[in-house]
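Open the model in your viewer and keep the selection panel at hand. The stops below follow one another, each with something to select.

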Amino acid sequence: MDNRQKALNLLGLATKAGKTASGEYSTEKAVKTGKASLVIVSEEASDNTKKMFTNMCTYYKVPLCVFGGKEELGHAMGKEMRASLAILDEGFAKAMGKQMILIGGSEHESK
């Protein structure tokens, strides 16, 4: 199994465990209330969406990864297409971050 698939599987596990928030509104809320440990924005998200979350995550010091297609992210979560989501658990966020580095996805550390 490749690292990309591992990352998607982790996303599925986090979702089943109730540790994700997805969709623009919920993701934004998770970041602003300090619940987000990691934000993932789809590679297919609009430049505006990417810019908005990059700025927000920088401000709130939340790591951000740009990863996966909307279809791919949604499918991993057992939902419709998703352009943005937040991981609400430190453990899942760390594991996802590790996969992102292995994939060579763009992880923006904002610490």
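Is Gln99 buried or exposed? Select Gln99: its relative accessibility is 10%, so Gln99 counts as buried (buried means under 20% relative accessible area, exposed over 50%, partly exposed in between, with a 1.4 Å probe and protein chains only). Before moving on, note that this is a predicted model, in which local features need pLDDT of at least 70 and side-chain atom pairs count only at pLDDT 80 or more, while totals for chains, interfaces and linings use all residues. Residues are numbered from 1 along each chain as its sequence is written, and side-chain values use heavy atoms, with hydrogens and water left out.

**Stop 1**

Gln99 is part of helix α5 (helices are DSSP runs of H or I with at least four residues, strands are runs of E with at least two, and both are numbered from the N terminus). Now show what surrounds Gln99. Setting aside residues up to four places away in sequence, Gln99 touches Asn3, Lys6, Ala7 and Leu10 (contact means heavy atoms within 4.5 Å).

Next, select α1 and α5 together. Their axes come within 9 Å and cross at roughly 165 degrees (axes are lines fitted to C-alpha atoms, for helices over the stretch in contact, and angles run from 0 to 180 degrees between N-to-C directions). The two helices α1 and α5 are therefore roughly antiparallel (over 145 degrees counts as roughly antiparallel, under 35 as roughly parallel, 65 to 115 as roughly perpendicular and the rest as oblique). The crossing of α1 and α5 is left-handed (the near helix is turned anticlockwise from the far one by less than a right angle; clockwise would be right-handed).

**Stop 2: the cores**

Which residues have the most contacts inside the largest nonpolar core? Select Leu11, Ile40, Ile87 and Met96; the core that holds them has 18 residues (a nonpolar core is a set of buried Ala, Val, Leu, Ile, Met, Phe, Trp, Tyr and Cys residues joined through side-chain atoms within 4.5 Å). Two or more residues of this core come from each of α1 (3-16), β2, α4 (70-76), β4 and α5 (90-103). Helix α1 gives the largest share, 5 residues. Apart from this core lies another, of 14 residues, including Val39, Ala45, Met56 and Cys57.

Centre the view on Ile87. Not counting residues up to four places away in sequence, its contacts include Leu11, Ala14, Lys19, Thr20, Ile40, Phe92 and Met96.

**Stop 3: helix α2**

Select residues 24-32, which form α2, and colour its buried residues Thr27, Ala30 and Val31. They cover an arc of only 100 degrees around the axis, which puts them on the same side of α2 (the arc is that of the directions from the helix axis to the C-beta atoms). An α-helix has 3.6 residues a turn, so residues three or four places apart point the same way. Just after α2, Gly34 takes a positive phi of about 75 degrees.

Keep α2 and α3 on screen. Their axes are 10 Å apart and the packing angle is about 15 degrees. Helices α2 and α3 are therefore roughly parallel to each other. The contact is made by Glu24, Thr27, Glu28, Val31 and Lys32 of α2 and Thr49, Met52, Phe53, Met56, Cys57 and Tyr60 of α3.

**Stop 4: Ser22**

Select Ser22 in strand β1. Ser22 is buried, with a relative accessible area of 15%. Beyond its neighbours within four places in sequence, Ser22 is in contact with Thr27, Met77, Lys79, Arg82, Ser84 and Leu85.

**Stop 5**

Tyr59 is in helix α3 and is exposed, at 65% relative accessible area. Draw a C-alpha to C-alpha distance from Tyr59 to Lys32: 9.6 Å, for residues 27 apart in sequence.

Finish at Lys61, in the loop between α3 and β3 (64-66). Lys61 has a positive phi of about 55 degrees although it is not a glycine. At 54% relative accessibility, Lys61 counts as exposed.
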